[in-house]
Amino acid sequence: MPLARSISVTSLSGLDEWDEEFELEDAVLFEIAWEVANKVGGIYTVIQTKARLTCEEWGENYFLVGPYTESNVRTQVELIEPTSAVLRRTIDKMNSSGCKVYFGRWLIEGSPYVILLDVGFTAWSLDRWKSELWENCAIGVPWFDREANDAVLFGFLTAWLLGEYAAQCDEAPRILAHFHEWLAGLGLVLCRQRHLPVATIFTTHATLLGRYLCAGNVDFYNNLAEFNVDKEAGDRQIYHRYCVERAAARCAHVFTTVSKITAIEAEHLLKRKPDIVTPNGLNVKKFSAMHEFQNLHATSKARIQEFIRGHFYGHLDFNLDKTVFLFIAGRYEFSNKGADIFLEALARLNYLLRVNHSEVTVIAFFIMPARTNNFNVETLKGQAVRKQLWDTAHTVKERFGKKLYESLLVGQLPEVSKLLDKEDFTMMKRAIFATQRQGLPPVCTHNMLEDSTDPILSCIRRIGLFNSAQDRVKVHTHSFLSSTSPLLPMDYEEFVRGCHLGVFPSYYEPWGYTPAECTVMGIPSVSTNLSGFGCFMEEHIADPSAYGIYILDRRYRGVDESCNQLTTFLFQFCQQSRRQRIIQRNRTERLSDLLDWRYLGRYYVAARHMALAKAFPDQYMYEPHDPTSTSGFRYPRPASVPPSPAHSLHSSPHHSEGEDEEERYDEELEAEKDRMNIRQPYRNKSPPIISTHVRQNKPSLVCVSSMVTPPQTLPWSVWC
């Protein structure tokens with residue numbers, strides 16, 4: 001079966017080229033973010049992965065601006081002299097005035113120029129700048145908020161840099177400054193307050209207030225229009241941060257956000273409708289393995305299976321060849337990331353697998369960083385026992401092989417009873433006795449500092465998933481992944497490739513890089529219609545589940561209904577044969593081009609052109625696209641669809657297993673049919689209005705122990 005990805009975004013009909021003619025030779029782009037050469041959040045991934053594309057567009061006139069952190073600079077930045085005479089004069093002037101400004105190349109793909117501002121070196125100006133901020137903008141920053149204090153210093157230094165650059169230019173400059181998130185937003189506000197000749201863009205990747213409100217377990221999306229934003233921000237002691245974010249959004253020439261669902265949120269909380277949605281992309285080339293991605297899956301899965309053999313020693317009463325690996329990963333936000341609904345769905349899935357006498361075993365990994373102090377002793381012992389068994393088997397094999405070899409040398413067939421002597425049996429018995437254990441396999445690999453109050457462990461205790469022999473669903477929490485770990489020596493990318501399904505039922509997820517990374521690696525995933533990724537896929541794919549993208553409805557359904565839907569998704573996935581999973585992974589990987597910056601970068605291009613046209617109307621003109629037209633394409637339902645599960649759609653008389661296995665499937669032919677049937681979506685440019693009466697307030701989760709009958713499931717076929 002051919003496994004190579006045979007579809008390309010650049011060759012699809014229905015995909016506009018967006019070839020506006022803009023003269024960028026005299027324009028300069030500064031992209032400002034706290035995450036430039038400073039990995040503290042997801043924005044780091046956004047900037048890092050699209051740097052190469054932006055460098056190709058702007059060339060020597062593209063500069064990233066971020067904070068100076070010595071530990072990061074030592075490993076990520078090559079410090080050099082400024083390449084531009086204007087920039088050299090600007091940096092020299094600032095350094096002579098009491099600042100420390102560094103210039104270099106960020107050692108990532110594209111090697112963009114970076115300007116790093118030493119925030120700590122100018123801390124002596126904090127009180128003066130905070131007074132100026134209060135007098136000019138009526139924003140007061142409390143002394144105890146260190147992050148906000150850093151934002152003030154960074155904002156004033158950024159505005160100083162842009163203003164000094166404009167002053168050092170011999171001719172009227174055309175400066176474009178793109179600010180990411182509230183930590184960099186103050187620089188934008190100061191640029192507009194000082195009337196600098198700068199075109200400004202502000203991108204919010206997630207609103208501050210939205211994240212806090214969702215963490216408070218409120219019915220967020222149905223009450224967006226009802227929130228008293230000033231009061232809510234004040235109650236959470238983030239009013240000053242909220243003021244900076246809102247001021248940046250209101251002052252920018254162009255305001256963007258990363259998804260349509262976040263655009264609705266920003267319109268209500270920041271009181272401005274985004275001008276354009278700029279989805280986050282990935283550098284697909286980094287993950288692309290072409291026809292090798294199925295082999296990489298098999299290799300990584302084998303390494304995970306080795307870990308499972310050690311972790312479940314003494315209780316390895318299930319078939320690893322019929323075991324499905326699920327995982328959830330991300331920040332440890334129990335409700336926002338959907339860990340609560342995932343655990344409840346696992347309990348219900350366990351019930352369904354048991355009552356249906358399924359031979360499938362599910363192992364669910366929770367990859368979320370938590371406070372720990374060391375590895376769990378029982379977990380380390382499991383890997384030691386596994387290694388001891390391997391060494392014993394290898395020793396017996398060597399002795400067995402030597403006796404067999406000597407017997408064949410003399411021309412005799414060996415007697416089986418003489419190949420293994422008493423010493424061999426004693427050695428093997430001792431190894432078997434060593435695998436006996438009194439307790440159950442642990443659900444956690446590390447010693448948790450707050451074991452009794454940890455949300456995931458507390459939920460596991462409530463639903464009773466303790467990895468017992470009767471359970472068809474096993475759970476495993478892993479705080480971090482590292483290629484140097486003594487337990488599971490794999491990095492995150494290798495681990496994802498070895499799993500079968502990523503589950504991300506987030507309630508608050510402005511974009512969602514974790515399911516996007518699964519897609520480009522050919523791993524199916526579960527997302528929601530409250531995540532930017534889920535909304536984007538629903539817009540571009542006619543039948544997402546056929547391509548391995550399961551969209552959970554958390555927008556118009558209550559928690560219990562959504563949990564039942566997730567249980568159905570997982571149960572259906574467990575019914576798939578190995579062959580069906582291979583076909584689905586092929587289709588999932590074929591969606592990679594949708595998430596490539598080569599395609600999604602065009603939205604950033606449009607935002608920059610729009611900002612230049614607004615700030616410099618005499619030099620630039622921008623005509624937005626017709627709202628009724630589309631800027632993308634839409635994958636139809638696959639041309640050939642295998643049944644799932646295999647026995648659910650059989651007619652009468654029943655097909656034999658042999659006939660099912662002989663069903664022909666041609667990956668290249670299917671890809672060609674998909675390419676021929678690509679159609680443009682019917683899409684409204686304005687964000688949809690969320691119904692305020694369909695979805696009720698979030699009820700408490702229903703414990704699986706209270707269930708008398710199995711939860712109602714959707715139709716069996718995941719493909720229909």
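1. A patch is built here from residues with over 30% relative accessible area and no salt bridge, like charges being joined within 9 Å and nonpolar side chains (Val, Leu, Ile, Met, Phe, Trp, Tyr) within 5 Å, while accessible areas come from the Shrake-Rupley method with a 1.4 Å probe, only the protein chains shown counting as cover for residues. V410 sits in the loop between α14 (377-409) and α15 (416-419), where helices (H or I, at least four residues) and strands (E, at least two) are DSSP runs numbered from the N terminus. V410 counts as exposed because its relative accessibility is 57%; buried means under 20% relative accessible area, exposed over 50%, and partly exposed in between, with a 1.4 Å probe and protein chains only.

2. Two conventions should be kept in mind. Residues are numbered from 1 along each chain as its sequence is written, and side-chain values use heavy atoms, with hydrogens and water left out. Since the model is predicted, local features need pLDDT of at least 70 and side-chain atom pairs count only at pLDDT 80 or more, whereas totals for chains, interfaces and linings use all residues.

3. For the chain as a whole, there are 25 helices and 17 strands, and buried residues make up 57% of the 720 residues. The accessible surface comes to about 31000 Å², of which 52% belongs to carbon and sulfur atoms. Among contacts (heavy atoms within 4.5 Å) with a separation of 6 or more, 77% are between residues 24 or more positions apart.

4. Helix α14 also takes part in a helix packing: α12 (residues 293-311) and α14 pack at an angle of about 105°, with their axes 7 Å apart. Axes are lines fitted to C-alpha atoms, for helices over the stretch in contact, and angles run from 0 to 180 degrees between N-to-C directions. The two helices, α12 and α14, are therefore roughly perpendicular to each other, given that angles under 35 degrees count as roughly parallel, over 145 as roughly antiparallel, 65 to 115 as roughly perpendicular and the rest as oblique. From α12, the residues E306, F307, R309, G310 and H311 meet T379, G382, Q383 and R386 of α14.

5. R52 forms a salt bridge with E109, the closest N and O atoms being 2.8 Å apart; R52 is in helix α1 (residues 42-58) and E109 in the loop between β4 (101-106) and β5 (113-117), 57 residues apart. E109 is partly exposed, with a relative accessible area of 36%. D170 and R89 form another salt bridge, with their closest N and O atoms 4.0 Å apart. D170 lies in the loop between α5 (146-168) and β6 (174-180) and R89 in helix α3 (residues 85-96), so the pair ties together parts that are 81 residues apart in sequence. D170 is exposed at a relative accessible area of 72%, while R89 counts as partly exposed at 34%.

6. Helix α5 has a crossing partner in α4 (residues 126-137), the axes of the two coming within 10 Å and crossing at roughly 80°. That makes α4 roughly perpendicular to α5. The contact involves L126, W129, K130, E132 and L133 of α4, together with N149, V152, L153, F156, L157 and W160 of α5.

7. Is P486 buried or exposed? P486 is exposed, with a relative accessible area of 52%, and lies in the loop between β14 (473-478) and α18 (492-498). Leaving aside its neighbours within four places in sequence, P486 is in contact with F375 and L380. The C-alpha atoms of P486 and L380 are separated by 7.9 Å, although these residues are 106 apart along the chain.

Notes. Salt bridge = Lys/Arg side-chain N within 4 Å of Asp/Glu carboxyl O.
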